[in-house]
Amino acid sequence: MAMPIAVPPAVLTFAATDPTGGAGLQADVLTLAALGCQPLSVVTAVTVQDTVGVEDFTTLEAEWVMDQARCVLEDIPVAAFKIGMLGSVEAVMAIAEVISDYPDIPLVLDPVLASGRGDELATENLIEAMKDMLLPQTTLITPNSLEARRLATDEGLDAEPPGLEECAERLLELGCEFVLITGAHEQTAQVANSLYGPEGLIQTLAWDRLPGSYHGSGCTLASAIAAFLAQGADLLEAVKRGQEFTYQALKNAYRPGMGQHLPDRFYWARASDHDA
Ligand code: PXL
């Protein structure tokens, strides 16, 4: 009798669609598949965009978000959750309720606030809802430095934005277990990403700054870390391997249109082409 084929670990992503395939739900699915996971996906919103920027988006009703998740979760056991663009406060509430039934499953939260061009993808109310309802359930949050400052700054109290270490401390106080702040937006020669945990800074990894402007790097990073967690890596290992994978995908990025470069999550499958 033939041996049954092993089932890859399933990762459920909550995200908005991106027709370019560069960011959002498509980025998550490509990354999870490239790393040998079964990508389960719940659509939170639908965007109209190209590689230059986001033109518009519409959100799905919270009930639809909840039903998509519940239906697939009752069928397939998941090994990790990943959350990207949320769309609405109601979607945040629905997702917070669903994932609260799975407290032992690691959750990677990519707090999507704006597109690379700066198009707003989250309102202040949505940010507050994310902080109140999702951060306490989060294993790892992966803001870039701009998002970290926006999430952690108290407009009433801070005359200027806090330093990144202070931002990390404040995010940890909101209840997530670990914070990875990425440094591509800082004016530094190298890109330095810093991981913080309950005892403060755990490690900083620095990468050579790549020349392009990339669409979907944050989605790729958060999904890759979720994939490695789903495969049983511990947090530090998953973060290291997720960063290495993302760096390689960005190094092999291509420019299919008139805007940003898209990461190649299947660079390894095309390695012989690149070498030729
Ligand atoms: O990269 C963040 C992001 C996530 N999700 C969607 C997006 C973007 C950036 O444009 O459009 C749908």
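1. Let's start with the overall build. A compact globule of 276 residues would have a radius of gyration near 19 Å, and this protein has 18 Å, which agrees. (The radius of gyration is taken over C-alpha atoms, and the globule rule is 2.2 Å times the number of residues to the power 0.38.) Along the principal axes, the C-alpha atoms fill a box of roughly 65 × 45 × 40 Å.

2. A word on what you are looking at. This is a predicted model, in which local features need pLDDT of at least 70 and side-chain atom pairs count only at pLDDT 80 or more, while totals for chains, interfaces and linings use all residues. Residues are numbered from 1 along each chain as its sequence is written, and side-chain values use heavy atoms, with hydrogens and water left out.

3. Of its 276 residues, 51% count as buried. Here buried means under 20% relative accessible area, exposed means over 50%, and partly exposed is in between, using a 1.4 Å probe and protein chains only. Among contacts between residues at least 6 apart in sequence, 65% join residues at least 24 apart, where a contact means heavy atoms within 4.5 Å.

4. In α1 (residues 24–34), the buried residues are G24, L25, A27, D28, T31, L32 and A34. What lies over them? The cover of these buried residues includes β1 (10–17), β2 (38–49), β4, α7 (217–230) and α8. Just after α1, G36 takes a positive phi of about 80°.

5. Next, the aromatic rings. A pair of aromatic rings is described by the distance of the centres and the angle of the planes. Rings of Phe, Tyr and Trp (its six-membered ring) pair if their centres lie within 6.5 Å; planes under 30 degrees apart count as stacked, over 60 as edge-to-face and the rest as tilted. By this rule, there are 5 aromatic pairs. In one of them, the ring centres of F81 and Y102 are 5.9 Å apart and the planes are at 70°, so the pair is edge-to-face. F81 sits in strand β4 (residues 80–83) and Y102 in the loop between α3 (89–99) and β5 (107–109), so the pair ties together parts that are 21 residues apart in sequence. F81 counts as buried at 1% relative accessibility, whereas Y102 is partly exposed, with a relative accessible area of 25%.

6. Here is another pair to look for. The rings of F245 and Y267 have centres 5.7 Å apart and planes at 45°, so this pair is tilted. F245 belongs to helix α8 (residues 235–251) and Y267 to the loop between α8 and α9 (271–275), so parts that are 22 residues apart in sequence are tied together. Both F245 and Y267 are buried. Going back to F81 and Y102, they form one aromatic cluster with F14.

7. Helix α8 also holds Q243. Is Q243 buried or exposed? Q243 is buried, with a relative accessible area of 3%. Not counting residues up to four places away in sequence, Q243 touches L180, N193, Q203, L205, W207 and L221.

8. K131, in helix α4 (residues 124–134), is buried, with a relative accessible area of 13%. Leaving out residues up to four places away in sequence, K131 touches P136, L151 and L174. E61 lies in the loop between β3 (54–59) and α2 (62–75) and is exposed, with a relative accessible area of 56%.

9. On a 1 Å grid over the protein atoms alone, a cavity is a set of points where a 1.4 Å probe fits but cannot get out, and a pocket is an open set with protein on both sides within 12 Å along at least five of seven lines; lining residues have an atom within 4 Å of a point. Grid points are joined across faces, edges and corners, and a volume is the space filled by probe spheres set on the points. The count comes to 1 cavity of 30 Å³ or more. Residues lining the largest cavity include Q49, D50, R117 and H215. The second largest pocket has a volume of about 190 Å³. Of its 14 lining residues, P103, I105, Q137, T139 and E177 are the closest to its centre.

Key. Helix = DSSP H or I, 4+ residues; strand = E, 2+ residues; numbered from the N terminus.
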